[in-house]
Protein chains: 2
Amino acid sequence: MRSTVTPRAYRAHVLHTPTPEAFEVVEHGYVVVEEGRVRSLGPELPEDRRDVEVHDLGDRLLIPAFVDLHVHAPQLPMAGVGLGEELLPWLEHHTFPLEARYADPAFARLAYQRFLTAMWEVGTLRFSAFATVHTEATLALMALCRESGLRALIGKVAMDRHAPEPLLESAEESLRGTIEIIERSCELGPEVRPIITPRFVPSVSSTLMRRLGELAEEHDLPVQSHLSENLEEIAWARRLHPEAGSYAEVYAEHGLLRPGRTIMAHCVHLTTAEQDLLHERDVTLAHCAQSNADLTSGIMPVRRHLERGLRCVIASDVAGGHSLAMNRHVVASVETSKTWRTLHPEDPPLTLAEAFHMATRAPGAFLGDVGSFEPGHEFDALVVDMPAGPLGHSPLERLEQFVHTGDDRAITHRFVAGAEVPRPFS
Amino acid sequence: MRSTVTPRAYRAHVLHTPTPEAFEVVEHGYVVVEEGRVRSLGPELPEDRRDVEVHDLGDRLLIPAFVDLHVHAPQLPMAGVGLGEELLPWLEHHTFPLEARYADPAFARLAYQRFLTAMWEVGTLRFSAFATVHTEATLALMALCRESGLRALIGKVAMDRHAPEPLLESAEESLRGTIEIIERSCELGPEVRPIITPRFVPSVSSTLMRRLGELAEEHDLPVQSHLSENLEEIAWARRLHPEAGSYAEVYAEHGLLRPGRTIMAHCVHLTTAEQDLLHERDVTLAHCAQSNADLTSGIMPVRRHLERGLRCVIASDVAGGHSLAMNRHVVASVETSKTWRTLHPEDPPLTLAEAFHMATRAPGAFLGDVGSFEPGHEFDALVVDMPAGPLGHSPLERLEQFVHTGDDRAITHRFVAGAEVPRPFS
């Protein structure tokens with residue numbers, strides 16, 4: 001069923017969230033795909049496409065592929081380990097020693113192949129990832145990603161202070177590596193692009209932050225970092241930058257809150273002024289509910305952020321989050337918002353449709369026309385085999401079951417931009 | 001590797017929690033099993049058992065099988081569905097219509113086979129389950145359980161008020177069915193035993209509660225029910241029993257808090273007096289963190305309960321909880337206690353060892369000498385294949401990874417009371 005540029009249609013129970021309000025469900029519907037994009041979705045083939053080749057997926061579900069805008073590709077080998085600690089000691093004892101291993105190209109290559117295969121398995125077919133500080137390993141991840149058929153923004157991590165020696169670069173080295181990646185990754189085409197990636201305020205000097213901001217501006221690149229995850233981390237960032245009004249302002253003052261082009265992960269403990277600043281810059285907030293629970297960081301007030309008009313998406317934050325599977329993070333986000341609701345009865349919890357939108361359409365919007373089956377959207381899709389079972393569940397109930405209880409075994413086909421993606425590196 | 005009464009030993013990385021304080025890890029250790037029970041655990045075979053047949057499990061992990069003391073066997077087909085509602089509407093719209101289907105013996109038989117196979121898959125080999133009000137279907141579940149090789153307490157649900165018509169019995173009918181089950185299940189032997197199961201105060205009349213209490217006393221049977229899950233449910237129970245000092249006292253006054261023989265699920269919003277009462281009666285509190293999040297019930301203050309000396313175990317509460325897999329509930333309980341900790345910094349979160357103990361040794365104690373590899377304990381075990389990976393993880397780190405990220409695919413063998421249990425009903 002690997003597709004080409006030939007127009008074709010897929011027939012299945014189609015479910016997606018063009019808006020956060022509700023799932024649109026078209027039972028036994030037709031998605032017509034042309035040149036990698038959705039041309040139409042409806043209960044019948046359109047008049048002028050009656051002769052298109054139809055792939056009948058039978059009683060299966062067709063849903064948008066997941067998009068994860070905050071994941072640490074090198075950390076997958078430690079998923080689930082060391083979560084008895086909070087952020088800063090966890091970084092020191094587990095994360096940094098593992099990331100140091102990526103100085104070894106053979107280690108990096110194997111680990112990144114496994115990462116990409118695992119992303120493919122769970123149906124996350126586009127993402128924005130932190131790599132490590134290593135230029136060669138980051139370029140290897142980018143090339144492997146291109147080879148896999150997945151699409152991504154991938155960033156060399158910038159750290160020139162408060163990091164262990166093996167991961168420490170000078171501002172000059174870090175910048176030079178980032179420029180090298182920008183130049184050498186051009187040949188990979190638009191499918192895999194660099195993203196400016198200061199790790200977080202405590203590990204990047206003012207000099208480097210400022211020059212990364214200039215570089216982002218010069219090449220019109222997106223930016224990703226961490227913001228306001230953990231109380232000790234926030235206090236540290238504030239101590240390091242007494243001149244700034246807030247943690248978020250440090251990024252702003254260094255040119256790292258590029259309007260509409262910035263992802264900030266966590267945003268658990270934002271001040272009102274920070275929320276206003278992120279809103280003004282149209283920053284995308286990556287809500288990492290599982291990670292925030294795993295590392296005892298707190299609860300992001302996602303309903304309040306949404307009501308203030310902040311752009312929120314759901315992300316895995318592997319390996320702060322222990323699971324790559326975005327359906328688990330959809331559930332974790334809904335559950336966390338319900339727990340918040342028991343403490344703040346005035347804040348309604350996330351609906352499943354809202355959370356699904358935040359794992360498909362909302363993060364897809366950061367990357368382009370991605371994340372739903374609206375006409376003009378790139379056809380990124382998963383075919384899901386969840387039987388109606390003894391109760392004759394509706395397609396929507398079957399999607400609820402897949403999101404809550406399903407795993408990669410239920411995903412039978414994966415498409416990116418109209419092309420079926422086979423298992424990579426197997 | 002199916003075992004018999006012949007003494008034998010298993011060699012593997014052995015991990016268990018004889019106490020909540022820490023995992024005991026014996027790398028490449030030997031568990032000697034005789035007549036279904038653990039005779040010894042150590043780094044070598046004991047002097048007097050040097051000639052025993054050794055099954056070398058290589059680099060795999062050997063851990064106690066999971067024990068789930070609160071699960072609704074009939075509800076598995078709806079796992080993950082309808083969780084946008086809170087307890088009372090969810091019961092009305094989803095649970096009760098499904099449970100009514102178990103009036104049909106063919107439906108019940110097939111659904112219960114699937115339930116037992118699913119329990120086997122995830123490694124929960126002993127449990128205490130609610131069935132439905134249907135006497136025949138409950139007996140069928142008991143017989144199928146015996147056939148499967150799993151061991152359980154199984155209760156016919158008592159409801160004689162405030163239930164939809166198809167599930168409503170008179171007190172007399174309910175009692176007669178319960179007695180019939182007690183009598184007819186004798187032939188199944190000690191492996192599958194009945195448990196007195198009033199659904200919860202709102203759906204059982206005083207008359208029926210009192211007679212169930214008498215029946216439990218007469219046959220020395222354990223009791224299971226729900227307590228203090230949801231604020232509306234609590235208010236309803238209080239309105240129905242203005243004469244009682246609390247929700248918990250209603251059970252006590254009807255003879256349903258049998259000392260050391262009672263499981264009460266949820267216990268989210270207990271008063272201090274209720275905590276004292278449960279402590280005095282040595283009640284086992286089934287903590288259902290995932291369910292409490294799914295149904296917006298609140299957070300059970302598990303650390304405070306443990307510090308008061310209350311006996312707490314972790315349970316799935318399928319289908320209030322959406323997953324059968326106890327490793328997921330171990331993680332959910334730790335995560336929830338971490339979220340609680342961010343709101344109450346004075347309460348340390350559960351450690352992984354404590355939570356694992358609460359899913360193996362603590363619930364096993366309700367059933368007998370079950371849940372760890374201490375000498376004299378029945379040998380209930382899972383063999384887990386989690387490779388050391390590129391980082392050369394220790395056995396304990398590999399257990400952390402299994403608990404957080406593993407599923408049934410990692411479990412290669414399952415033992416109950418010394419005998420390997422093959423996949424049932426496949």
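**Group meeting: a two-chain model**

Okay, let's start with one contact: Arg341(A) makes a salt bridge with Glu86(B), and the closest N and O atoms sit 3.2 Å apart. Keep in mind that this is a predicted model.

That pair brings us to the interface. Across the interface of chain B and chain A, the rule finds six salt bridges. The contact draws 40 residues from chain B and 40 residues from chain A. About 3,400 Å² is buried between the two chains, and carbon and sulfur atoms give 54% of that.

Next, a helix pair inside chain B. Helix H4 (residues 171-184) and helix H5 (residues 206-219) of chain B pack at about 15°, with axes 10 Å apart. Angles under 35 degrees count as roughly parallel, so H4(B) is roughly parallel to H5(B). The crossing of these two is right-handed. On the H4(B) side, the contact residues include Leu175(B), Ile179(B) and Ile182(B); on the H5(B) side, Leu208(B), Leu212(B) and Leu215(B) are among them. By class, the residues of this contact split into seven nonpolar, three polar and two charged.

Most residues other than glycine have a negative phi, and most peptide bonds are trans. Now look at the loop between strand S14 (311-314) and helix H11 (326-343) of chain A, where Ala319(A) sits. The peptide bond from Val318(A) to Ala319(A) is cis, with omega near 10°. Asp317(A) is in the loop between S14 and H11 of chain A too, and has a positive phi of about 50° despite not being a glycine. Over in chain B, the peptide bond from Val318(B) to Ala319(B) is cis, omega near 10°, and Ala319(B) lies in the loop between S14 and H11 of chain B.

Conventions
Residues are numbered from 1 along each chain as its sequence is written. Chains are lettered from A and ligands numbered from 1 in the order in which they are written. This is a predicted model: local features need pLDDT of at least 70, side-chain atom pairs count only at pLDDT 80 or more; totals for chains, interfaces and linings use all residues. Side-chain values use heavy atoms; hydrogens and water are left out. Axes are lines fitted to C-alpha atoms, for helices over the stretch in contact, and angles run from 0 to 180 degrees between N-to-C directions. Helices (H or I, at least four residues) and strands (E, at least two) are DSSP runs, numbered from the N terminus. Angles under 35 degrees count as roughly parallel, over 145 as roughly antiparallel, 65 to 115 as roughly perpendicular and the rest as oblique. A crossing is left-handed if the near helix is turned anticlockwise from the far one by less than a right angle, and right-handed if clockwise. Contact means heavy atoms within 4.5 Å. Ala, Val, Leu, Ile, Met, Phe, Trp, Tyr, Cys and Pro count as nonpolar, Asp, Glu, Lys and Arg as charged, and the others, Gly among them, as polar. Buried area is the accessible area (1.4 Å probe) that two parts lose on being put together, summed over both. A salt bridge is a side-chain nitrogen of Lys or Arg within 4 Å of a carboxyl oxygen of Asp or Glu.
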